[in-house]
Amino acid sequence: MKSKYDILVIGGGPAGALAAKTAAEAGNSVCLIEKRPAIGTPVRCAEGIGKDLLKEYVKPDPCWISADIERARIIAPNGTTISLEQDKAGNEVGYVLDRKIFDRELVWQAAEAGADVFVKTRATAPIMENGAVRGANVISIGTPAEIRADVVIAADGVEARFARRAGLETTVPLREMMSCAQYLMTDIDIDAGSTDFYLGNAIAPEGYLWIFPKGERTANVGIGISGRRSRDGSRAKDYLDRFVAKNFPDGKMIEAIVGGVPVCRPLECTVADGLMVVGDAARVVDPITGGGIGNALFTGRLAGQVASDCIAAGDCSKEALMAYDTGWRNSKMGASIERNYRIKEYFVTLDDAKLNTLADSIASASLKEFSVRAIIKELIKRNPKMILELKALRDALS
């Protein structure tokens with residue numbers, strides 16, 4: 001480990017890996033540190049991503065694709081099922097990845113591009129000089145060290161500790177932090193070509209429960225509920241246990257994880273002097289789906305590009321790094337996050353009766369596109385008597 005790099009990346013998930021790879025390919029000296037002893041574990045994700053989105057960043061490899069999805073089903077509280085079929089819609093559905101292998105592949109690519117990689121290395125505090133971030137104090141396998149850098153890219157996930165220690169406000173309101181639990185289960189009866197989403201306040205209040213297949217009889221079975229609805233006896237794990245007992249009583253659990261997913265708006269600003277924040281740390285998770293892999297890849301690559309440009313120009317001030325912040329906000333991804341945040345805010349207000357009414361109205365629809373936008377447009381089209389009720393959704397699409 002050297003004491004000085006052009007760029008220090010904190011976090012070895014998809015955002016950090018792609019930032020490191022992009023910056024190294026541009027000719028910068030790059031150091032990527034990961035606090036965990038191994039890249040990719042433990043998995044803290046349902047592992048789903050759209051096919052088109054993934055292909056923008058990396059060529060799909062069967063080695064890290066667990067399932068090729070053909071359809072998605074949304075199941076309303078009354079059991080009404082909205083089925084979105086790949087062969088009927090105009091775009092592909094998605095993959096369920098094996099993040100243990102996928103994340104390592106991305107970091108290997110960063111290393112091959114020239115980045116130094118250190119695991120079990122934790123950033124304990126930013127190095128601050130005249131209000132600017134100039135690197136990080138770290139502990140690497142028990143040994144303290146100082147790593148200086150012209151730009152630090154914080155990709156340390158939901159906790160976002162580094163950005164907070166550098167002075168950025170990263171607090172997520174309790175109501176906008178999804179409390180999640182997920183089991184990797186095997187020997188269960190599932191549709192191996194379908195991702196299933198269960199809605200309803202009795203199943204997952206202000207959230208949803210998912211089944212993401214990872215093989216013929218294996219799947220991630222998980223749930224996210226609003227943090228404000230989590231209490232003793234009604235935690236995410238309690239809801240998940242009840243669903244599993246009812247639907248997969250003979251299934252075997254081989255992994256279990258719990259954690260939080262922010263479904264708030266992104267950070268007010270994702271840069272500071274010498275600092276950029278990417279991925280979950282920047283709060284760019286899709287507020288309605290909870291998906292974060294694609295947005296992490298987008299922000300990671302953009303951060304690597306902008307950091308490289310700023311280093312070449314000899315200016316790593318907040319003003320110069322703002323090209324990253326404005327770049328993702330003005331992108332299709334930025335617009336999608338804002339739109340889906342507004343849609344999410346509407347849906348969390350619905351009771352089960354209203355969810356059933358909306359689901360019944362489009363259950364027979366044959367959607368021409370596989371997207372949140374297409375579903376919302378169909379809901380508005382098929383419920384003219386609810387024009388005032390659905391105004392919030394119409395406004396979200398405008």
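Is Asn 295 buried or exposed? In this predicted model, Asn 295 has a relative accessibility of 13% and therefore counts as buried, since the limit for that class is under 20%. Asn 295 belongs to helix H6, which covers residues 293–313. Apart from neighbours within four places in sequence, the residues in contact with Asn 295 are Val 284, Val 285, Asp 286, Met 333 and Ile 337.

An unreviewed UniProt entry lists Ala 15, Glu 34, Cys 45, Ala 46, Gly 48, Arg 99, Ala 123, Asp 280, Gly 292 and Ile 293 under "binding site". These positions span 279 residues in sequence, and the two C-alpha atoms farthest from each other are 28.9 Å apart, so the positions do not all gather at one spot.

Two of the listed residues can be followed further. Ala 46, which is among the positions in the UniProt record, sits in the loop between strand E2 (30–34) and strand E3 (48–50). Its relative accessibility is 16%, so Ala 46 counts as buried. When residues up to four places away in sequence are not counted, Ala 46 touches Val 96, Gln 182, Trp 210, Phe 212 and Asn 220.

Arg 99, another of the positions listed by UniProt, lies in helix H3, which is made of residues 99–112. With a relative accessible area of 12%, Arg 99 is buried because this value is under 20%. Residues up to four places away in sequence again left out, Arg 99 touches Pro 14, Gly 40, Val 43, Cys 45, Glu 47 and Ile 293.

The next element is a sheet. In general, the strands of a sheet pair through backbone hydrogen bonds, in either a parallel or an antiparallel way. Here three strands, in the order E3-E7-E4, form an open sheet with antiparallel pairing. E3 and strand E4 (65–69) are the edge strands, each pairing on one side only. From one strand to the next, the twist averages 25°. E3 is joined by three bridges to strand E7 (residues 94–97), and the two run antiparallel. One of the residues involved is Ile 49, whose bridge partner in E7 is Tyr 95.

H9 and H10 pack at an angle of about 95°, and their axes are 9 Å apart. The two helices are therefore roughly perpendicular to each other. On the H9 side the contact is made by Leu 358, Ser 361 and Ile 362, and on the H10 side by Ile 375, Glu 378, Leu 379 and Arg 382. By type, the residues of this contact divide into four nonpolar, one polar and two charged.

Where does Ala 365 lie? Ala 365 is found in the loop between helix H9 (352–362) and helix H10 (372–382). Its relative accessible area is 12%, so Ala 365 is buried. Not counting residues up to four places away in sequence, Ala 365 touches Glu 378 and Arg 382. Glu 378 and Arg 382 are also among the H10 residues that make the contact with H9. Along the chain Ala 365 and Val 152 are 213 residues apart, and their C-alpha atoms are separated by 48 Å.

Methods:
Residues numbered from 1 in each chain as written. Predicted model: local features only at pLDDT ≥ 70, side-chain atom pairs only at ≥ 80, totals over all residues. Heavy atoms only, no water. Helix = DSSP H or I, 4+ residues; strand = E, 2+ residues; numbered from the N terminus. Buried < 20%, exposed > 50% of the residue type's maximum accessible area, 1.4 Å probe, protein only. Contact = heavy atoms within 4.5 Å. UniProt positions renumbered as here; feature names shortened; annotations may be inferred. Pairing = 2+ DSSP bridges. Axes fitted to C-alpha atoms, helices over the stretch in contact; angles between N-to-C directions. Parallel < 35°, antiparallel > 145°, perpendicular 65-115°, else oblique. Nonpolar A, V, L, I, M, F, W, Y, C, P; charged D, E, K, R; others polar.
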